[in-house]
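Subject: Structure handover

Hello,

Here is the structure we spoke about. Please look it over first; my notes on what was found follow below.

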Amino acid sequence: MAAREICKNIYSVGIINWDLRYFDAIMPTPRGSSYNSYLVKGTEKSALVDTGEPHGEADFITNLMRLEQDSLDYIVCLHAEQDHSGMLPLLLEVYPMAKVVTNETCKGLLMAMHHLEELEERFIVVGNEETLSLGDKTFKFYLTPWVHWPDTMFAEVIEDKILFTSDFLGTHYASETLFQNDESPDYLEAAKRYYAAIMMPFRTSVQEYLALVDKIAPKFIGPSHGPVLKLPAKIIDLYKDWSSDKPKNVVVVAYVSMHGSTETMVRILVDDLIQKGVPVHQYNLLETDTGVLGSAIVDAATIILATPTVLFGPHPIAVNAAYLVRALRPKVKYISVIGSYGWGTNAVNYLGEMLSPLGAEVLEPVYIKGLPDETDMQALHKLADTIEEKHKEL
Ligand code: FEO
C-alpha cells in the first residue's frame, strides 16, 4: 500500500493484507484487513504511530523511504499486540536514535513479548493527557485501557484534530481508499463483525471512550485496522447503538441437528415467532461462521441455542457456539436451550451452565426424547409465548 497523506505532514504508511481470511485464527475476515501505521512529521521531530505485522515489512519500509524518512525520533506504541508491534524490533534497528513512547502497561508487554529488556533506556513512558511536542505538532495521549487490552491508548495530534485510536473504531476491511465510505454495505458489515469479535466483550469501556471521542471531537480518526474515518462518521453512531445497554426486539436461534429432531423443534419455534411478528433469525451452526454469529448476537434480546445430544452432552458445535456467545458477552436479556436426546440427557444443563455468566434470564428449556410429540409442541408454543411477552417489555 502506498503512503498517503491524511492531512498536511501526516501520512498513512501501513500495509494492506487483501488475502487475510482469518484474524487471530478465530474471526473470518472475508474483506481482508490492513495494519495501519501513521507517520507524523513535525517541524522539529517526527514520529511513527504503531508499526504492524512483520509479514509486510518490505512494503512498510518502502513507504517510509518514499517519504524520505531516513531518521525518526519517536515510535509511539498505542497497543502491544503483535499485529501492531510486530515490526518494532526491526524499526528500533533501522532507526537507532528513535525512542519508544508508550504507557507503563504497554511498555511492560512490549518488553516481555519482544524481549527488549536491554533496550529499556529507549522507552519514554507517558501518562493520561500528557503531551509531546514535535514542533508545530503536539501529541496528547489518552490512556484507554480495555478497548481491548489493558494497555490500549489513544494519541491525538492537537493541531490537526486527528485521533489515533488503536483497535478502537477499526474494521477488518482492505480498501484502496484512504477514507471510509459510510454507505458501503460491505464496510458496515465488516465493521459490525469487528465490533462483535473485538469490542463487544468490553461494552462499558466502549461507551466510556465513545464519550471521550465526542469530547475530543476529532476531524479524523485513524484506527489500526481499516479505512481512516472522517467525522461525522456513521460508524460512531453505530458503535453507540451496538454498545448501548438496550437490546433490540430480535431473537437469534442458533442450532445444529443430527437426525432432524432438533431442527424440527427449531422450525416449530421459529414459525411461532414469525406468526407472532417477533423478528427472528435462524442460523444453522454447521454453515454459520463465527463472524456471522457474532454480528447476529450484538443486538438480540433473546438467544436460543438448539442442540442434539451426542453421547452424554451437547453437540460439540453447539458447545463451540455457547463458548463464543459467553466470551463475546452480548447484552442479551433472555436465553434458553432446546434440544433432543436419545439416551444421554445432559446437553441442555451443560449449555445452560456455560451461558450462565451472561446473567440473562433463563427461559424454560425444552428438552425432549426423539421427535417432538404433541406435549413437546405445546412446550415450544409456550416458549414462543414467553418470548413474545418478554419482548413486549423491551
Ligand atoms: Fe489489532 Fe489488539 O490488535
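The protein chain holds 12 helices and 24 strands. Helices (H or I, at least four residues) and strands (E, at least two) are DSSP runs, numbered from the N terminus. Of its 394 residues, 58% count as buried. Buried means under 20% relative accessible area, exposed over 50%, and partly exposed in between, with a 1.4 Å probe and protein chains only. Along the principal axes, the C-alpha atoms fill a box of roughly 80 × 40 × 35 Å.

Some ground rules. This is a predicted model: local features need pLDDT of at least 70, side-chain atom pairs count only at pLDDT 80 or more, and totals for chains, interfaces and linings use all residues. Residues are numbered from 1 along each chain as its sequence is written, and side-chain values use heavy atoms, with hydrogens and water left out.

The sheet

An open sheet is formed by 7 strands, in the order β1-β2-β7-β8-β9-β10-β11. Its pairing is mixed. The edges are β1 (4-7) and β11 (123-125), and each of them pairs on one side only. Neighbouring strands are turned by 25 degrees against each other on average, direction ignored. Axes here are lines fitted to C-alpha atoms, for helices over the stretch in contact, and angles run from 0 to 180 degrees between N-to-C directions. Two strands pair if DSSP finds at least two bridges between them.

Going through the sheet from β7:

- β7 (residues 38-41) and β8 pair in the antiparallel sense over 4 bridges. They form a hairpin with 4 residues between them. Leu39 has Leu48 of β8 as its bridge partner.
- From β8, the chain crosses through helix α1 (residues 57-66) to β9, in a right-handed β-α-β crossover. Right-handed means that, with the strands pointing away from the viewer, the path from the first strand over the helix to the second runs clockwise.
- β8 (residues 46-49) and β9 (residues 74-76) run parallel, joined by 3 bridges. Here Leu48 stands opposite Ile75.
- β9 and β10 (residues 99-102) also run parallel, again with 3 bridges. Ile75 has Val100 as its bridge partner in β10.
- β10 and β11 pair in the parallel sense over 3 bridges. Thr102 stands opposite Val125 in β11. With helix α4 (residues 104-114), β10 and β11 make a right-handed β-α-β unit.

Strand β8 is covered on both faces. Ser46 and Leu48 on one side are buried, as are Ala47 and Val49 on the other.

The aromatic rings

There are 13 aromatic pairs in the structure. Rings of Phe, Tyr and Trp (its six-membered ring) pair if their centres lie within 6.5 Å; planes under 30 degrees apart count as stacked, over 60 as edge-to-face and the rest as tilted.

Phe168 and Tyr239 make an edge-to-face pair, at 5.8 Å centre to centre and 85 degrees between the planes. This pair links distant parts of the chain, 71 residues apart. Phe168 lies in the loop between β15 (162-166) and α5 (185-199), and Tyr239 in helix α7 (residues 234-243). Both Phe168 and Tyr239 are buried.

Tyr195 and Trp242 make a tilted pair, because their ring centres are 5.4 Å apart and their planes stand at 40 degrees. They too link distant parts of the chain: Tyr195 is in helix α5, Trp242 in helix α7, 47 residues apart. Tyr195 counts as buried, at 0% relative accessibility. Trp242 is buried as well, at 4%.

Helix α5

Helix α5 has 15 residues and reaches 20 Å from its first C-alpha to its last. That is close to the 21 Å expected at 1.5 Å a residue, where the expected span is 1.5 Å times one less than the number of residues. The helix is mostly covered, with 11 of its 15 residues buried. Among them are Tyr187, Leu188, Arg193, Tyr194, Tyr195 and Met199.

Best wishes
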